[in-house]
Amino acid sequence: MRWQPNFNYCWSEQLIEDKVIPTYILPWPVTIKCTDRAYLEGLLAAAGNANGWDVTSTEYKNFVEKVLTDKGGVQNVLVTMSGNDCKNTVVNAKITTDLHCEAGEVKVTYTYTKTTSKGTVTNTIGSVVITVQPVHEYNIMFPADSEGDCVNIRDTANVIDGGELSCDVLAVNVTDKRYNGATLNGAPVAECYKIFRTFTVINWCQYDERCGEPMQWAVVVPRDPKNNGTKWNDGGGVNVLVRDSNMDKTEEIYYEDEDGNVAYPNDAVNWANKGGKTVSKDDKAPTGLPAACEYASYGNNGNERFAFMFTQYIFVHDKVRPEVLDPAAFTFYQNKNNCNTSLNITFSAQDLCSTNTEVQQVPAVAGNLAIERVKFNGGELPSFLTVTPSHALNGDNKGTNSWVVAGTGTSSQLPIGDHKLTVIVRDDCGNLSLAKDIPFSIKDTNGIAPICYHGLSTDLMKDPDTGDGMMAIWATDFKASDVQDCNAKTVGTKENIPDAQYYVVKDVDGDGAWTAADGLNDKGIPTDPATSVIFTCDDLDGDTIATVMVRLYTVDALGNWAWCETYAVITDARKVCGGGPSAAAAAIAGAISTEGAINVEGVEVNLSGDASMSYMTNANGQFSFNGLNKGYDYTVTPQLDKNYLNGVSTFDLVLITKHILGVQPLNSPYKLIAADVNNSKSVTTLDLIQLRKLILNIDNKFGNNTSWRFVDASYSFPNAANPWAAQFPEVANLNDLGADARANFVAVKIGDVNGNAVATSQVRTAGEFGLNVADQALKAGNEYRVEVAGDLKSIEGLQFSMSYDVNAIELVDVEYGVAKEENFGIFAKEGVITASWNGDANSNTFATLVFRATADANLSEVLNLNSRYTAAEAYRNNDQLSVALNFAGAQAEAAGFELKQNTPNPFAGETVIGFSLPVAGEATLTIQDVTGRTLRVVRGQFAQGYNQVTLKATDLNATGVLTYTLEAAEFTATKKMIIVE
């Protein structure tokens, strides 16, 4: 057997781990000064990296070179001692700064991150502090005293800073005190005023807010450090040199007192540190500093000054006159209503010295001018004109540079023509301006428009000389009433324009365009004025009747023209023009409606003149008079004077109050007429008082007015904001009636400014407002306080009647809440309280009623809210709401279905039936007599809440006891009423 060699094998696995903790030697601390700019720039650049740097990066190496390398070239770096053999450790350096004025501390924090088999480990190595020491060295260059006139003396308010030499930030405050009539070295000086200009300089790099007001610790710099005398013409100022030559953090202060002509710092010549220096004895911190201030931060160790104060004297001469500036052109116009003229003239003046001087006070003194005198047309300024500054007085208690001459004078005090003010002003150095004339003129350029009749009618007659048909009408025949003008006949006097100054022009060609063909110039003024106009057969144009447009003109004594337009109805009843047959009779018809175009039913319209007739307007508000003889004069007069409360409510008080206060003026002449309840031709609080008495049923009619007024619808008010400026026509005059004519009227219900008077039928509401009362069980002999409350702040006003059973309770007192004494009417015998209130509510309590019970009852059974005397209404955002009375959270009948008693009852003319519906829908009101005969049925869609229907006795044609029944959905109710003759 052959021999073979035998082999054995073995193997092992080696785990190599790095478990050595890294160790390092930190760089040593470094101290630099803030003036070492290269080091400082490196620090600031490093601080801009929020995440830090890898110590192997170029940025960190630059940082080491600029900051951590000393001046001998030795690098001050982080040294790795162990734990980095596997090259899996990253070292990061993060720089944070705490610097003020480039001084303080910079901290370099080193951390390492090492990757191991167990994961990543991050630890902080440590921090190195780099101290940046502050250095305070700077120059302050305070200016010398100066003297001169206002146009050549230099300003010094911005000339004090000589420059920061180290690491400082200087700030300056300049204050001026001004004195008039100063003296120098005990001798009078001819200057106008003297300024003590005080400079306070603070070094923000040394000041700490804990020191308080810096001025109190300031070094007062001497004006003459060398004690060699100081005069205003020395020309030299004082330099303050702050130095820290031995860098011991305690600065030394030196003064330089220069003589001769020394340049200002803003001339780019730094004259500091060039003369003999005087060592200050004030280079130590003052005594009495707060403890927190003595050892404040920012490099202030409590041994140095951080503020300096110096006062410069400035003497200013001023012999330059001020000047009143050229004024604008002023023209004012007479007030046509009272012939007065109101002036408002603004003029300005300028102090040329103050304008040109470089010496400006800080803050600058403005408006150093005053009025010396103002004359009017060469004489003294009259008492009705006043002169006031156009701006508020300023700090030196002198007037501003602008003034206003204002006031109102009569036509004799300020007559039409050219006038002038003569003005002289004085500056505060006593210099007077030259007199300046301020011309102005007063004019009257507007004519007063005449008041035209609403058309005239005339019949042509045969001219005995030519046989042609013609008729002449004077201009004054078209005049409805006189108008007054301030310059009608005599300039400056208000009087009627005389008849001789009325002129008339007709539309010759009938095209309705007033042109030269009608004898007018391009301004619409007659080129050949005539006081009469002639109508001929040509105006008929072959017909028997024609309407020709006419203009009635007035002209005042100054030649101002104005006009109104009307018409003439031309007829040929006598057939002098050979035209067709002429009608034997004519008609006058018209319609009466409110400003809101609601037709008014039941107006009695009377016709007088050649015939006398009466007509009652129908449901469309129309009337007509037929079979009238032509060629005669007629007058149409409407009248309606009953049912004063129709449309009148507390909401009208709300609107009239807003008008009087100017909050919401009434915007039409008809509303103003309605608001003039006492017919005084004005709207005042007296109208409010009279109207509230009517609403509360204290009065039952107006003392000096009718229920309705009617204005000729063709009338145009000369001044819509003052309908009483001229007498408005309440009749229609139709003279020489030649054909069918119309006479329409606008009906005005007095007291009803919101236009909701019932002219024909129904009133609906826009919702419901609730008054709340707590229900109570009443025991005879006891007194109870019943608070009536609601969300009064949500409405503008409300009114109602409240009835109580006089057999169960009696009213003892009313404790007022939002409503006061004037808001109530008390009718104790009838057991009725009326209320009318409007305004701004400051609480929810309307009033508290005090009752004494005379029998046992529940309050809800003996107290109810209705419209017996005063309709139950509330008002919100111009909407009318019904009013409900809620007992203990449940609504009473007024909030659901209720048929109210008619008011008035009994009645002769008309009555109002009120009712409430729980939901909007159809309702039927049926009126029957005692036999069951139906007299009238009113059916319609009605709103949720309170509604009312007005019935006229003439429509029912019955007397005695009647019944009225209301049906709505599943509800039915019946009540009785009485008609008397």
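Student: OK, so buried means under 20% relative accessible area, exposed means over 50%, and partly exposed is in between. Which of those is Glu565?

Tutor: This is a predicted model, by the way. In it, Glu565 has 41% relative accessibility, so it counts as partly exposed.

Student: And which side chain does Glu565 meet in a salt bridge?

Tutor: That would be Arg551, with 3.1 Å from N to O. Glu565 sits in strand 39 (residues 561-571) and Arg551 in strand 38, so the pair ties together parts that are 14 residues apart in sequence.

Student: Is Arg551 buried or exposed?

Tutor: Arg551 is buried, because its relative accessible area is 9%.

Student: How many salt bridges does the structure hold?

Tutor: It holds 20 of them. One of these joins Asp437 to Lys420, where the closest N and O atoms are 3.5 Å apart. Asp437 is partly exposed at 37%, and Lys420 is partly exposed at 33%.

Student: Which residue forms a salt bridge with Arg785?

Tutor: Glu815 does, and their closest N and O atoms are 2.5 Å apart. That pair links distant parts of the chain, strand 52 (residues 783-789) for Arg785 and strand 54 (residues 809-816) for Glu815, 30 residues apart. Arg785 is exposed at 54%, while Glu815 is partly exposed at 30%.

Student: Which residues do salt bridges with shared partners join into one network?

Tutor: Lys336, Asp444 and Asp485.

Student: New topic, the surface. Which residues gather in a patch of negative charge?

Tutor: Asp468, Asp538, Asp541 and Asp543. Take Asp541: it lies in the loop between helix 5 (537-540) and strand 38 (545-555), and it is exposed, with 70% relative accessible area.

Student: And which residues form a nonpolar patch?

Tutor: Val930, Val961, Ile978 and Val980 do, with about 310 Å² of accessible area together. Val930 is in the loop between strand 65 (921-928) and strand 66 (934-942). Val930 counts as exposed because its relative accessible area is 68%.

Student: Last one: is Thr458 buried or exposed?

Tutor: Thr458 is in strand 30 (residues 456-459). Its relative accessibility is 4%, so Thr458 counts as buried.

Student: What is Thr458 in contact with, leaving aside its neighbours within four places in sequence?

Tutor: With those neighbours left out, Thr458 touches Met471, Ile473, Val569, Ile570, Thr571, Asn735 and Asp736.

Technical notes:
Residues are numbered from 1 along each chain as its sequence is written. This is a predicted model: local features need pLDDT of at least 70, side-chain atom pairs count only at pLDDT 80 or more; totals for chains, interfaces and linings use all residues. Side-chain values use heavy atoms; hydrogens and water are left out. Patches are made of residues with over 30% relative accessible area and no salt bridge: like charges are joined within 9 Å, nonpolar side chains (Val, Leu, Ile, Met, Phe, Trp, Tyr) within 5 Å. Accessible areas come from the Shrake-Rupley method with a 1.4 Å probe; for residues, only the protein chains shown count as cover. A salt bridge is a side-chain nitrogen of Lys or Arg within 4 Å of a carboxyl oxygen of Asp or Glu. Lys and Arg count as positive and Asp and Glu as negative; His and the chain ends are not counted. The place of a charge is taken as NZ of Lys, CZ of Arg, CG of Asp or CD of Glu. Helices (H or I, at least four residues) and strands (E, at least two) are DSSP runs, numbered from the N terminus. Buried means under 20% relative accessible area, exposed over 50%, partly exposed in between (1.4 Å probe, protein chains only). Contact means heavy atoms within 4.5 Å.
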